[in-house]
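Colleague: I am new to this structure. Please take one part and walk me through it closely, then show me how the rest connects to it.

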Amino acid sequence: MTVWRALGGRGYLGSAWPWRAVAYLTSGALLGAVVLVVIVSGAVAGGALAVVVVGLPLLVLTALAGIPVAAVERRRLRLAGVAPVPAGQHRTPGRPGLPAWLATRLKETATWRELAYAVLLGVVLWPLDAAAVVVGAVLPLSMVAAPALVAAGGEAKVVKLWLVDTWPGAFAAAALGLVLLAAGAYALGVVAGARAELARVLLAGKDADRVTELVRSRVRLVDAFEAERRRIERDLHDGAQQRLVALTMTLGLARLDAPPGPLADQLAAAHGEAERALVELRELIHGIHPKVLADYGLHAAVADAADRSPVPVDVDLDLPGRLPRPVESAAYFVVCEALANVARHSGADRAEVSGGYGDGRLVLRVRDDGRGGADPDGGTGLTGLADRVSVLDGRLSLSSPPGGPTLLHVEIPCRPMPPEDPCG
């Protein structure tokens, strides 16, 4: 639910939304004040020290200040229930290292848009947030507290203008304060909603709708790819595999009936080739989409892959149930490729697959105690896995210092699938 829907429904005053609106505007005022100090200090100090070169890094850091501010703002949007801004607007540098990262960030439109928003927040928006909280909440609360102030000191100055020194006047001020507080709660909800929508629009930029549509089309393509892969798996399993099984049995029977000689030897060779082809086809079907993954889910499939690994593997996964099929498939093949690399390249004595689901993300970690030094560009297949994960808006990172250990970390945003009805 958003603050706009809450404002139009019943029970708004008794809900958490007025408090969330106050929290959103108050945190915005505090954040804006800090941002103002940081930007002004960085610009002044950097400009003054630029002649001795020391100020140039300060100016660069000031230019990048909008990045963390935008990250905080995206999280604060949850307080107002406004749809969050997509976080993946910054490009990944083409090369590792701080210089490449800085060059990429300083050339991006998103960096300067976020800096412009930070300046707007520090100069214009936070005083408006503070004023809204004072008028909508602080002043009515001071009026409500008039009886307590009169009891404590004999008189109370309401809103710094109205001197109250009698009980009837104090209770009249408190009653008026309650009315204004209720009206202020609605006003604060409107201001918080408008303020959050403004932040969302400014941070998203003009390409937000296009990005959203690209994400949706990418999801549709992934679903279509998974459906086509399952069709190929079914056709291979029900068609080609069954024919190979029948051919193998026919050749075996013919081999038994044939008298010893060249014909029997040729039938034996053909029978062996058919059996090997059947084994390869079964491995191919298993590689396309293993049955254990389709029937029992990611945890069982990872455990099966760990059992088949020549390197001992410990599995520690905490999953709530079934995840979307594209997510399970991508995660499974990441684990399989990682374990294959451990067996082929690492020289490890033991590996571990751990992780689970939390905060809207599937997290997987594949760790081994091998020699380390793995290079994603060295033909290990990690680039293809990273592309496969990125299609699902996920991230894959590798840490493999020389001497080990090697840690592959994967995060894929998703939601658990609803449990299936056993009767339906």
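Modeller: T62 lies in helix α3, which covers residues 55–63. Keep in mind that this is a predicted model. Is T62 buried or exposed? Its relative accessible area is 13%. The cut-off for buried is under 20%, so T62 counts as buried. Which residues does T62 touch, leaving aside neighbours within four places in sequence? They are I39, G42, A43 and L115.

Two of those names lead us on. I39 belongs to α2, where it takes part in the contact with α6.

Two packed helices are described by the angle between their axes and the distance between the axes. Helix α2 spans residues 17–49. Its axis comes within 7 Å of the axis of α6, and the two cross at roughly 140 degrees. Angles over 145 degrees would count as roughly antiparallel, so α2 is oblique to α6. The crossing is left-handed.

Which residues make this contact? From α2 come V22, L25, T26, G28, A29, L31, G32, A33, V35, L36 and I39. From α6 come A118, V119, L121, G122, V123, W126, D129, A130, A132 and V133. By class, the contact has 16 nonpolar, four polar and one charged residues.

Now follow D129. Side chains of opposite charge can pair when their charged atoms come close. D129 forms a salt bridge with R195, with the closest N and O atoms 3.1 Å apart. Are the two partners buried or exposed? D129 is buried, and R195 is buried as well. The pair also belongs to a network of salt bridges that links E73, R76, D129 and R195.

How many salt bridges are there? The count comes to 11. Two others are worth a look.

One stays within α8. R200 pairs with E197 there, the closest N and O atoms being 3.3 Å apart. The two residues are three apart in helix α8, about one turn of the helix. R200 is partly exposed, with a relative accessible area of 27%. E197 is partly exposed too, at 26%.

The other salt bridge joins D314 and R350, at 3.0 Å from N to O. Here again distant parts of the chain are linked, 36 residues apart. D314 is in strand β3, residues 313–318. R350 is in the loop between α13 (325–346) and β4 (351–358). D314 has 35% relative accessibility and counts as partly exposed. R350 is partly exposed at 40%.

Where is G360? G360 is in the loop between β4 and β5, the latter being residues 361–368. Its relative accessible area is 29%, so G360 is partly exposed. Not counting residues up to four places away in sequence, G360 touches I412, P413 and C414. G360 and C414 are 54 residues apart along the chain, yet their C-alpha atoms are separated by 5.8 Å.

Methods: Residues numbered from 1 in each chain as written. Predicted model: local features only at pLDDT ≥ 70, side-chain atom pairs only at ≥ 80, totals over all residues. Heavy atoms only, no water. Salt bridge = Lys/Arg side-chain N within 4 Å of Asp/Glu carboxyl O. Buried < 20%, exposed > 50% of the residue type's maximum accessible area, 1.4 Å probe, protein only. Helix = DSSP H or I, 4+ residues; strand = E, 2+ residues; numbered from the N terminus. Contact = heavy atoms within 4.5 Å. Axes fitted to C-alpha atoms, helices over the stretch in contact; angles between N-to-C directions. Parallel < 35°, antiparallel > 145°, perpendicular 65-115°, else oblique. Left-handed = near helix turned anticlockwise from the far one by under 90°. Nonpolar A, V, L, I, M, F, W, Y, C, P; charged D, E, K, R; others polar.
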